[in-house]
Amino acid sequence: MIVSSSILVVDFGAQYAQLIARRVREARVFSEIVPHTVSVHEVLEKKPKGIIFSGGPQSVYADWAPGIDEGIYDLGIPILGICYGAQLIARDLGGKVERTSRGEYGRTLLDISSTGGRLIASMTTEAGYSPPDVWMSHSDAIVDTPPKFTQCAWSANGAVAAFEDVERGIYGVQFHPEVSHTMGGSALMETFLFDVCGASPTWTHTNIIEQSAEDILVQTGEEKVLCALSGGVDSAVAAALVGRAVGERLVCVFVDTGLLRTNEGDQVEQLFAGKLGMNFIRYDAADIFYDKLAGLTDPEEKRKVIGETFIRIFEEVADSVGKPRFLVQGTLYPDVIESGGANGGGASVIKSHHNVGGLPESMSFELVEPLRMLFKDEVRAIGAELGLPDEILWRQPFPGPGLAVRVIGEVTRDRIEILRAADGILDQEIRKAGLYRDLWQSFAVLPAVRTVGVMGDQRTYAYPIVIRAVTSDDAMTADWARLPYDLVERVSARLIGEVAGVNRVVLDVTSKPPGTIEWE
């Protein structure tokens, strides 16, 4: 996707790099995350309006500390350094950074200079008073700024909190303007984007749809296109986008893996083939997937086997419909980031999503991924613009490998049936409580252990069910949901009373990070 007005977010291993990218997009400016190894040549090829250096966990003076191609400072492209990014600017351009005896974490009041500086002044205007609260998270401090830089603000312990070289367009802030805890943070970001960088707010849903349609036509020409349709939000919006571009040349293929939720296959067929009238093929592949997964317990291996099996089935279907060489997938930006592919391999692989890192090296398709650079909230907004119904747009995310990655350990028909029944009960109760739209995801997990219990005065040795429910904006970070105790009690009673093979229910209270949303 080519975007004329964009911002590069250079990732130094930050917890908040994705949040920075989202904040830029919320201002209707396209952002792209790149690794700190990005070269001057690569930056020039992307023609960004501005560059943001993210925070990071290292000290800028550590032997293994990530750096930047210092030629980037001389390109004349505005730069904003945040936390580690600000310290890196200070170090590279002649300032001084030192370890402090006391780190700064959480809310901090700024001590602002009389002029405030270009970016800081916009914060105090929005906050309505001075000084604003900002969010700090660092143990090193900038004690001297580089030559020709002006100090604009300080923290309570006297360390530099903001500095700038207006002539060169280089700015640094020790705090995190991208987090909601920083008062006036959005105003600071917008001042950098629009006043300093001269970016245009062109990243709108209409423009995304139009640009995607053009890209799809350029890629596929007049050829037939196959779409991997799961029935979830991502694949449905991808299908709608591609269908808008290629019309009747699109054929949607739904693979029923036997790893889906209760009645899900029938629901998908009724919706897409019936209500939406798409060219729709349903392929029953339950036996194939169970045979392929037999004996496997490692989650990465399961994902890769599932990814390859999907591709082989799509290749088989393609042979029967004219051998289209293009395959549409609903890959999202978080999928790419977690699979280590967002920034040229610089990111750590958290897990291989079956449609990214789980794909086989050899396949006959060229992938069409119109959502590859989008976050989930952007996808939902685009789907609404395309006229998709709420029953699709507000379905909670469901992993492509299905229940196979919610059954910990080996996947068998019996274990899938236990989990399917448990997940169905949890879904019913969450909806009945009116919480379905409030939660990013809520689902059941079947661990690879059994526990002793007592039921009907007899000893049992059966499985526990884990309830996992989280809130999130984009799946890059998530918090465990504080479900009402009476709801948890009802779900627990039903799971133990109605699902054979279950004698215990536990609640997962882990946020992301340190955990992931899914267990595998």
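Contact here means heavy atoms within 4.5 Å. The legends below describe close-up views of a predicted model, in which local features need pLDDT of at least 70, side-chain atom pairs count only at pLDDT 80 or more, and totals for chains, interfaces and linings use all residues. Residues are numbered from 1 along each chain as its sequence is written, and side-chain values use heavy atoms, with hydrogens and water left out.

**View 1. Arg 494 and its surroundings.** Arg 494 is found in helix H15, residues 485–498. Helices (H or I, at least four residues) and strands (E, at least two) are DSSP runs, numbered from the N terminus. Neighbours within four places in sequence aside, Arg 494 is in contact with Ile 425, Gln 428, Glu 429 and Val 499. With one of these, Glu 429, the Arg 494 side chain makes a side-chain polar contact of 3.0 Å. A polar contact is a pair of N or O atoms within 3.5 Å; within protein, one must be able to donate a hydrogen and the other to accept it, and residues adjacent in sequence count only if both atoms are side-chain atoms.

**View 2. Lys 46 in helix H2.** Helix H2 spans residues 40–46 and includes Lys 46. Lys 46 has 32% relative accessibility and therefore counts as partly exposed (buried means under 20% relative accessible area, exposed over 50%, partly exposed in between, with a 1.4 Å probe and protein chains only). Residues up to four places away in sequence not counted, Lys 46 touches Ser 6, Leu 8, Glu 32 and Val 34. Ser 6 lies 40 residues from Lys 46 along the chain, yet their C-alpha atoms are separated by 8.4 Å. The side chains of Lys 46 and Glu 32 make a polar contact at 3.0 Å.

**View 3. Helices H6 and H12.** H6 (residues 205–220) and H12 (residues 376–385) pack at an angle of about 80°, and their axes are 10 Å apart. Axes are lines fitted to C-alpha atoms, for helices over the stretch in contact, and angles run from 0 to 180 degrees between N-to-C directions. H6 and H12 are therefore roughly perpendicular to each other (65 to 115 degrees; under 35 is roughly parallel, over 145 roughly antiparallel, and the rest oblique). His 205, Thr 206, Ile 208 and Ile 209 of H6 meet Ala 381, Ile 382 and Glu 385 of H12 in this contact.

**View 4. Cysteines without disulfides.** The structure holds zero disulfides, a disulfide being a pair of cysteine sulfur atoms within 2.5 Å. For Cys 83, the nearest cysteine sulfur is that of Cys 152, 17 Å away. Cys 83 is buried, at 4% relative accessible area.
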